[in-house]
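Please examine the sequence and the structure shown here.

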Amino acid sequence: MIAIYPGTFDPATYGHIDIIMRASKVVDKLIVAVLNNSAKQPMFTVDERLQMLNETCGDISNIEITAFSGLLIEFAKHSGANAIIRGLRAVSDFEYEFQMALTNKILNEEVETLFISTSARYAYLSSSIVKEVAALGGCVESMVPAVIGDRLLQKIGK
Ligand code: COA
(Lines give C-alpha, C1' and ligand atoms only; values in the text may rest on other atoms or scores of the structure.)
Protein backbone atom coordinates (compact mmCIF):
# COMPACT_ATOMS: atom_id res chain seq x y z
CA MET A 1 0.00 0.00 0.00
CA ILE A 2 1.18 3.50 -0.86
CA ALA A 3 -0.20 6.11 1.53
CA ILE A 4 -0.02 9.88 1.74
CA TYR A 5 0.25 11.73 5.02
CA PRO A 6 -0.68 15.32 4.10
CA GLY A 7 -0.47 18.43 6.24
CA THR A 8 0.77 21.96 6.55
CA PHE A 9 3.61 20.94 8.93
CA ASP A 10 4.32 24.56 9.96
CA PRO A 11 6.37 23.20 11.66
CA ALA A 12 6.19 19.42 12.15
CA THR A 13 5.79 18.53 15.83
CA TYR A 14 6.44 15.34 17.79
CA GLY A 15 2.72 14.61 17.19
CA HIS A 16 3.25 14.55 13.42
CA ILE A 17 6.50 12.59 13.74
CA ASP A 18 4.74 10.00 15.91
CA ILE A 19 2.11 9.49 13.19
CA ILE A 20 4.80 9.32 10.47
CA MET A 21 6.78 6.68 12.35
CA ARG A 22 3.74 4.56 13.13
CA ALA A 23 2.20 4.86 9.65
CA SER A 24 5.51 3.99 7.97
CA LYS A 25 5.45 0.63 9.77
CA VAL A 26 2.11 -0.42 8.32
CA VAL A 27 2.34 0.77 4.72
CA ASP A 28 4.81 -0.13 1.98
CA LYS A 29 5.55 3.48 1.16
CA LEU A 30 4.55 6.67 2.97
CA ILE A 31 4.52 9.97 1.11
CA VAL A 32 4.68 12.85 3.58
CA ALA A 33 3.14 15.68 1.59
CA VAL A 34 3.54 19.31 2.61
CA LEU A 35 0.64 21.44 1.44
CA ASN A 36 1.52 24.72 -0.19
CA ASN A 37 -1.52 26.16 1.56
CA SER A 38 -2.85 29.54 0.44
CA ALA A 39 -5.53 29.46 3.16
CA LYS A 40 -2.92 29.62 5.95
CA GLN A 41 -0.12 32.15 6.38
CA PRO A 42 2.74 29.89 7.35
CA MET A 43 5.74 30.93 9.41
CA PHE A 44 8.04 28.64 7.38
CA THR A 45 8.38 28.42 3.60
CA VAL A 46 7.55 25.12 1.94
CA ASP A 47 11.30 24.50 1.44
CA GLU A 48 12.00 25.09 5.12
CA ARG A 49 9.17 22.74 6.12
CA LEU A 50 10.52 20.07 3.76
CA GLN A 51 14.03 20.51 5.17
CA MET A 52 12.81 20.14 8.76
CA LEU A 53 10.89 16.97 7.91
CA ASN A 54 13.95 15.60 6.12
CA GLU A 55 16.16 16.38 9.11
CA THR A 56 13.81 14.61 11.52
CA CYS A 57 12.28 11.75 9.50
CA GLY A 58 14.48 11.50 6.40
CA ASP A 59 16.20 8.35 7.63
CA ILE A 60 13.02 6.24 7.57
CA SER A 61 13.64 3.94 4.62
CA ASN A 62 10.14 3.81 3.10
CA ILE A 63 9.19 7.48 3.19
CA GLU A 64 9.29 10.19 0.59
CA ILE A 65 8.94 13.83 1.65
CA THR A 66 7.51 16.18 -0.92
CA ALA A 67 5.26 19.20 -1.48
CA PHE A 68 1.94 19.54 -3.25
CA SER A 69 -0.66 22.14 -4.07
CA GLY A 70 -4.21 21.86 -5.32
CA LEU A 71 -6.51 18.95 -4.57
CA LEU A 72 -5.10 16.23 -2.34
CA ILE A 73 -7.01 13.55 -4.20
CA GLU A 74 -5.42 14.62 -7.51
CA PHE A 75 -2.00 14.47 -5.90
CA ALA A 76 -2.86 10.98 -4.60
CA LYS A 77 -3.78 9.87 -8.12
CA HIS A 78 -0.54 11.23 -9.63
CA SER A 79 1.51 9.57 -6.86
CA GLY A 80 -0.15 6.18 -7.29
CA ALA A 81 -1.33 6.30 -3.66
CA ASN A 82 -4.34 4.28 -2.56
CA ALA A 83 -4.67 5.65 0.97
CA ILE A 84 -4.58 8.90 2.92
CA ILE A 85 -3.38 8.81 6.53
CA ARG A 86 -4.74 11.28 9.06
CA GLY A 87 -4.03 11.56 12.78
CA LEU A 88 -6.94 11.97 15.18
CA ARG A 89 -6.14 13.86 18.36
CA ALA A 90 -9.53 14.29 19.97
CA VAL A 91 -13.25 14.05 19.27
CA SER A 92 -13.09 17.68 18.13
CA ASP A 93 -10.93 16.59 15.16
CA PHE A 94 -13.49 14.04 14.07
CA GLU A 95 -16.15 16.16 12.40
CA TYR A 96 -13.69 17.98 10.12
CA GLU A 97 -11.74 14.81 9.35
CA PHE A 98 -14.93 12.88 8.58
CA GLN A 99 -16.07 15.62 6.21
CA MET A 100 -12.69 15.58 4.42
CA ALA A 101 -12.68 11.79 4.20
CA LEU A 102 -16.20 11.75 2.72
CA THR A 103 -15.35 14.51 0.24
CA ASN A 104 -12.21 12.73 -0.89
CA LYS A 105 -14.15 9.48 -1.22
CA ILE A 106 -16.69 11.19 -3.47
CA LEU A 107 -13.89 12.65 -5.58
CA ASN A 108 -12.16 9.28 -5.91
CA GLU A 109 -13.65 6.14 -4.43
CA GLU A 110 -10.44 4.17 -4.99
CA VAL A 111 -8.59 6.09 -2.26
CA GLU A 112 -9.30 5.17 1.39
CA THR A 113 -8.74 7.50 4.36
CA LEU A 114 -7.17 5.72 7.33
CA PHE A 115 -7.08 7.28 10.81
CA ILE A 116 -4.36 6.76 13.39
CA SER A 117 -5.08 7.89 16.93
CA THR A 118 -2.42 10.27 18.20
CA SER A 119 -0.42 9.10 21.20
CA ALA A 120 -2.01 10.50 24.38
CA ARG A 121 1.12 12.48 25.26
CA TYR A 122 0.86 14.48 22.03
CA ALA A 123 -2.93 14.86 21.96
CA TYR A 124 -2.73 18.53 23.04
CA LEU A 125 -0.18 19.53 20.39
CA SER A 126 -0.62 21.66 17.31
CA SER A 127 1.81 23.68 15.24
CA SER A 128 0.14 26.94 16.36
CA ILE A 129 0.53 26.04 20.05
CA VAL A 130 4.26 25.38 19.53
CA LYS A 131 4.73 28.70 17.69
CA GLU A 132 2.85 30.58 20.40
CA VAL A 133 4.83 29.02 23.26
CA ALA A 134 8.14 29.71 21.46
CA ALA A 135 7.16 33.31 20.64
CA LEU A 136 6.32 33.96 24.30
CA GLY A 137 9.65 32.55 25.46
CA GLY A 138 8.41 29.15 26.68
CA CYS A 139 10.29 25.88 26.35
CA VAL A 140 9.23 23.75 23.37
CA GLU A 141 11.66 20.90 24.08
CA SER A 142 8.87 18.36 24.69
CA MET A 143 6.93 19.48 21.61
CA VAL A 144 9.42 19.52 18.73
CA PRO A 145 12.88 18.04 18.05
CA ALA A 146 15.82 20.35 18.84
CA VAL A 147 16.55 21.09 15.15
CA ILE A 148 13.02 22.41 14.74
CA GLY A 149 13.11 24.26 18.08
CA ASP A 150 16.32 26.02 16.98
CA ARG A 151 14.77 27.09 13.68
CA LEU A 152 11.72 28.40 15.52
CA LEU A 153 13.90 30.54 17.77
CA GLN A 154 15.82 31.84 14.73
CA LYS A 155 12.58 32.68 12.96
CA ILE A 156 11.15 34.64 15.86
CA GLY A 157 14.51 36.33 16.44
CA LYS A 158 15.37 34.91 19.87
N1 COA B 1 0.03 16.06 16.08
C2 COA B 1 0.14 17.37 16.29
N3 COA B 1 -0.55 18.29 15.61
C4 COA B 1 -1.38 17.84 14.67
C5 COA B 1 -1.54 16.50 14.39
C6 COA B 1 -0.79 15.58 15.15
N7 COA B 1 -0.89 14.27 14.97
N8 COA B 1 -2.44 16.38 13.41
C9 COA B 1 -2.81 17.61 13.07
N10 COA B 1 -2.17 18.49 13.83
C11 COA B 1 -2.36 19.96 13.84
C12 COA B 1 -1.46 20.66 12.87
O13 COA B 1 -0.26 21.03 13.47
C14 COA B 1 -2.28 21.85 12.50
O15 COA B 1 -2.11 22.85 13.48
P16 COA B 1 -2.30 24.38 13.15
O17 COA B 1 -3.71 24.57 12.69
O18 COA B 1 -2.01 24.99 14.45
O19 COA B 1 -1.31 24.72 12.07
C20 COA B 1 -3.71 21.39 12.62
O21 COA B 1 -3.68 20.25 13.43
C22 COA B 1 -4.28 21.08 11.29
O23 COA B 1 -3.55 20.03 10.67
P24 COA B 1 -2.88 20.01 9.20
O25 COA B 1 -2.73 18.58 8.90
O26 COA B 1 -1.71 20.86 9.14
O27 COA B 1 -3.80 20.71 8.23
P28 COA B 1 -5.31 20.53 7.89
O29 COA B 1 -6.04 19.72 8.87
O30 COA B 1 -5.75 21.92 7.65
O31 COA B 1 -5.36 19.63 6.56
C32 COA B 1 -4.86 18.93 4.38
C33 COA B 1 -4.48 19.76 5.58
C34 COA B 1 -3.62 18.94 3.56
C35 COA B 1 -5.19 17.50 4.71
C36 COA B 1 -6.11 19.50 3.67
O37 COA B 1 -6.15 20.90 3.86
C38 COA B 1 -6.08 19.21 2.18
O39 COA B 1 -6.23 18.11 1.76
N40 COA B 1 -5.87 20.25 1.37
C41 COA B 1 -5.73 20.14 -0.08
C42 COA B 1 -6.94 20.73 -0.79
C43 COA B 1 -8.01 19.71 -0.87
O44 COA B 1 -7.87 18.63 -1.41
N45 COA B 1 -9.17 20.09 -0.31
C46 COA B 1 -10.30 19.22 -0.24
C47 COA B 1 -10.12 18.28 0.93
S48 COA B 1 -11.61 17.57 1.36
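This is a predicted model: local features need pLDDT of at least 70, side-chain atom pairs count only at pLDDT 80 or more; totals for chains, interfaces and linings use all residues.

Residues are numbered from 1 along each chain as its sequence is written, and side-chain values use heavy atoms, with hydrogens and water left out.

**Helix 3**

- Helices are DSSP runs of H or I with at least four residues, strands are runs of E with at least two, and both are numbered from the N terminus.
- In helix 3 (residues 72-79), Leu-72, Ile-73, Phe-75 and Ala-76 are buried (under 20% relative accessible area with a 1.4 Å probe, protein chains only; exposed is over 50%, partly exposed in between).
- These residues lie on the same side of helix 3 because they cover an arc of only 155° around the axis, taken from the directions from the helix axis to the C-beta atoms.
- Lys-77 and His-78 are exposed on the face turned away from the buried side of helix 3.

**Cysteines**

- The count of disulfides (pairs of cysteine sulfur atoms within 2.5 Å) is zero.
- Cys-57 is buried, at 1% relative accessible area, whereas Cys-139 is exposed, at 54% relative accessibility.
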